[in-house]
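Reader: I'd like to learn how to read helix packing and ring contacts from a model. Could you walk me through one?

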Amino acid sequence: MSSSGHLALLPRLLGWDYANLQGDTRKSFEVAVHAGSAPVLAAVAVRAGRSHPPNPPALALTLLPPVAAGFALERPIERRLGGPRSVGLAQIAAGAALLLADRRPAERDRTDAGDHLAVGVGQAIALVPGVSRSGAALTAARLRGLSRPASLHLALTAALPVTLGAVALKGLRAAREGSGGELFGPALAGAGAAFVSAAAASPLVARLGRARSYAPLAAYRIGLGALAIATAGRGA
């Protein structure tokens, strides 16, 4: 999980020269990748919302923290974080937090305002590359004592508007700055690949609500982070 984290780590691990691209060019490509996966996320969230229609006032609480943090901190975070070591550390910390949160007993299925606000804070923390937006939302919901099905539902419904808003904001910035035009073909291919991979993964996402433990997901995050740090340490 964490699309921004994977975009920072995988090119380095595979030996691609992605990190040497200009920042605006990389950002335009990342916007295209996020836009490609957004329709799948929307479809999954709509299916989840049929059985539990979202509460607009409560859902607004999940938007306030990431919106405020995004306007205030997105640029400084982009300048200071995003290297393989920092992304790896974020992956490890996020995986460990999910592992600990998932040990809490599932006490309830009904959400309240505090749950939505906690998930919003989790999504604000996910501005840090390597911290998955959906993973942070699941962690916050489990810390609040929600069951895994309720946690997944809340994470999905909360992630959709934030993802769409982030794509729109970054897309407008890229268009205003006139960046990334030379990457139209690769960006289109990236968006298509993101759509296909997100669609293939959507059944696995649906199974998270029925999972008995999030330990495998947490272990993947920790292992990927450790690999990133080890690779960075060798100067690869």
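Reader: Let's start with α4 and α6: at what angle do these helices pack, and how far apart are their axes?

Author: Keep in mind that this is a predicted model. To read a helix pair, look at the angle and the axis separation together. Here α4, covering residues 84-101, packs against α6, residues 133-143, at about 30°, and their axes are 8 Å apart. Angles under 35 degrees count as roughly parallel, so α4 is roughly parallel to α6.

Reader: Which hand does the crossing of α4 and α6 have, left or right?

Author: Handedness is a separate thing to read from the angle. In this case α4 passes α6 in a left-handed crossing.

Reader: And which residues of α4 and α6 meet?

Author: Go through one helix, then its partner. From α4 you have Ala97, Leu98 and Ala101; they meet Leu138, Thr139, Arg142 and Leu143 of α6. Sorted by class, the α4 contact with α6 has 5 nonpolar residues, 1 polar and 1 charged.

Reader: What about α5 and α6: at what angle do they cross?

Author: Helix α5 takes in residues 113-125; its axis and that of α6 cross at roughly 145° and come within 8 Å. The crossing of α5 past α6 is right-handed. On the α5 side, the contact uses Ala118, Val119, Gly122 and Gln123, while α6 brings Arg133, Ala136, Ala137, Ala140 and Ala141. That contact of α5 with α6 splits into 6 nonpolar, 2 polar and 1 charged.

Reader: How do α3 and α5 pack?

Author: Helix α3, residues 56-80, packs with α5 at an angle of about 25°, with the axes 7 Å apart. The two are therefore roughly parallel to each other, and their crossing is right-handed. Among the contact residues are Leu59, Pro65 and Pro66 of α3, plus His116 and Val121 of α5. The class tally for α3 with α5 is 10 nonpolar, 4 polar and no charged.

Reader: Then which ring does the charged end of Arg148 sit over?

Author: The ring of Tyr214: the charged end of Arg148 lies over that ring, 5.8 Å from its centre.

Note on methods
Residues numbered from 1 in each chain as written. Predicted model: local features only at pLDDT ≥ 70, side-chain atom pairs only at ≥ 80, totals over all residues. Heavy atoms only, no water. Lys NZ or Arg CZ within 6 Å of the ring centre and 35° of its normal. Axes fitted to C-alpha atoms, helices over the stretch in contact; angles between N-to-C directions. Helix = DSSP H or I, 4+ residues; strand = E, 2+ residues; numbered from the N terminus. Parallel < 35°, antiparallel > 145°, perpendicular 65-115°, else oblique. Left-handed = near helix turned anticlockwise from the far one by under 90°. Contact = heavy atoms within 4.5 Å. Nonpolar A, V, L, I, M, F, W, Y, C, P; charged D, E, K, R; others polar.
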